[in-house]
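Please read them alongside the sequence and the coordinates.

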Amino acid sequence: MQANLKNSLRLTAGALALATSLFAGGAQASSAYHVVLPLAKTRAAEPAKPIGISDFGDYRAWADGTFAQSCEEYIRPQDAAYHYENATGDGIYRISPTGSTPFDVQCDMATNGGGWTLVEYAEDLPLAAYWPIDNINKPRWLPHDFGLKFTSAQIAALRSVSTTAKQRYVGLCNGVAHYADSENKYISALGFRFQTGLVSSNGQQIYTPTGISIVQDGCQANGGEGGQLDKATIFDLENINLPIVNVLVYDNGDAGESLGSPLTQYPARFR
Ligand SMILES: [Ca+2]
């Protein structure tokens with residue numbers, strides 16, 4: 001009888017006012033709520049509280065010590081037992097895609113809905129002349145593939161649990177056309193090799209495979225760019241075969257021509 005009375009008190013606004021006057025007086029209404037709250041214990045057991053995210057020092061993960069498959073799974077978990085709460089936000093999370101050995105990644109949890117797992121480069125492509133001796137115009141891959149922070153197996157595991165990947169390639173230049181040339185032809189358009197081995201077209205205005213768009217074409221001036229960002233040619237790529245590991249360059253045929261890319265600032269992003 002007592003419990004029923006209290007429940008009915010809890011359920012009506014008038015009863016809350018009564019409880020306020022009984023326990024604390026009108027000037028301290030909020031403390032009256034705290035007194036009433038323990039009545040919830042008389043109700044049927046509630047569902048288990050969802051498992052949130054904890055900060056374990058070097059990385060974040062689910063509070064029960066398990067790992068999501070990706071940053072996307074942390075922010076939008078499929079399993080209702082887990083919830084994106086507590087130690088949330090951008091930073092390093094530990095993931096284990098498709099049951100692989102867990103590894104730590106940078107998560108972007110804010111941009112465009114968040115849930116982006118970043119696949120980062122180990123180093124930039126320095127602004128340099130890559131064929132200083134044999135300086136003629138012809139399509140050539142750079143002498144070395146770009147170094148990545150993760151193994152091919154780790155990236156493959158992440159790819160297998162992702163639906164899209166995006167990357168920006170910022171082509172810094174000094175006299176090296178990256179897309180259109182100064183005569184508005186496209187023989188100098190870069191080719192791209194993806195981490196899976198997929199290779200785009202090169203030397204033409206329209207790319208195959210699709211998913212490559214040109215944001216800015218500063219290198220079209222074909223001289224005087226000085227490797228500056230505001231005079232770079234910038235490509236946006238969207239392809240599950242990312243990240244880019246090499247570019248095919250045509251225009252590198254004069255002494256003093258150089259190219260480079262701030263790769264570490266533009267990781268591939270999987271979601
Ligand atoms: Ca040139």
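**Notes on strands, core and loops**

1. Ala-165 has Phe-270, in β15, as its bridge partner. Strand β9 (residues 165-174) and strand β15 (residues 268-270) pair in the antiparallel sense over two bridges; two strands count as paired if DSSP finds at least two bridges between them. Strands (E, at least two residues) and helices (H or I, at least four) are DSSP runs, numbered from the N terminus.

2. The model is predicted: local features need pLDDT of at least 70, side-chain atom pairs count only at pLDDT 80 or more, and totals for chains, interfaces and linings use all residues. Residues are numbered from 1 along each chain as its sequence is written.

3. Six bridges join β9 to β12 in an antiparallel arrangement, and Gly-171 has Thr-233 of β12 as its bridge partner. With strand β14 (residues 258-261), β9 pairs in the antiparallel sense over three bridges, and Asn-174 is bridged to Ser-258 there. Seven of the ten residues of β9 are buried, so the strand is mostly covered. Here a residue is buried if 20 or more other C-beta atoms lie within 10 Å of its own, exposed if 12 or fewer, and partly exposed in between, with C-beta atoms placed from the backbone.

4. For the chain as a whole, five helices and 15 strands are assigned. Buried residues account for 31% of the 271 residues. Of the contacts between residues at least 6 apart in sequence, 70% join residues at least 24 apart; a contact requires C-beta atoms, placed from the backbone, within 7 Å.

5. An open sheet of three strands has the order β8-β13-β10 with antiparallel pairing. Its edge strands are β8 (140-141) and β10 (191-194), each of which pairs on one side only. Strand β13 (residues 244-249) pairs with β8 over two bridges, and Val-249 of β13 is the bridge partner of Arg-140.

6. Which residues touch the most other members of the largest nonpolar core? They are Cys-71, Tyr-74, Tyr-93 and Ile-244, in a core of 47 residues. A nonpolar core is a set of buried Ala, Val, Leu, Ile, Met, Phe, Trp, Tyr and Cys residues joined through C-beta atoms within 7 Å. This core draws at least three residues from each of domain 2 (51-116) and domain 3 (120-270), the bounds coming from an automatic or database domain assignment. Leaving aside neighbours within four places in sequence, Ile-244 is in contact with Phe-146, Gln-167, Tyr-169, Phe-192, Arg-193, Phe-194 and Leu-237.

7. Two cis peptide bonds deserve a check. One runs from Thr-208 to Pro-209, with omega near -10°, and Pro-209 is in the loop between β10 and β11 (212-217). Another joins Leu-242 and Pro-243, with omega about 5°; Pro-243 is in the loop between β12 (233-238) and β13.

8. Asn-112 and Asn-222 may be read together. Asn-112, not a glycine, has a positive phi of about 50° and is placed in the loop between β5 (103-108) and β6 (116-119). Asn-222, also not a glycine, has a positive phi of about 60° and is placed in the loop between β11 and β12. Are these residues buried or exposed? Asn-112 is exposed because 10 other C-beta atoms lie within 10 Å, whereas Asn-222 is buried because 20 do.

9. Gly-89 lies in the loop between β3 (82-86) and β4 (91-95). Gly-89 counts as exposed because it has 12 C-beta neighbours inside 10 Å. Gly-89 and Gly-115 are 26 residues apart in sequence and 9.9 Å apart in space, C-alpha to C-alpha.

Methods:
Two residues are in contact if their C-beta atoms, placed from the backbone, lie within 7 Å.
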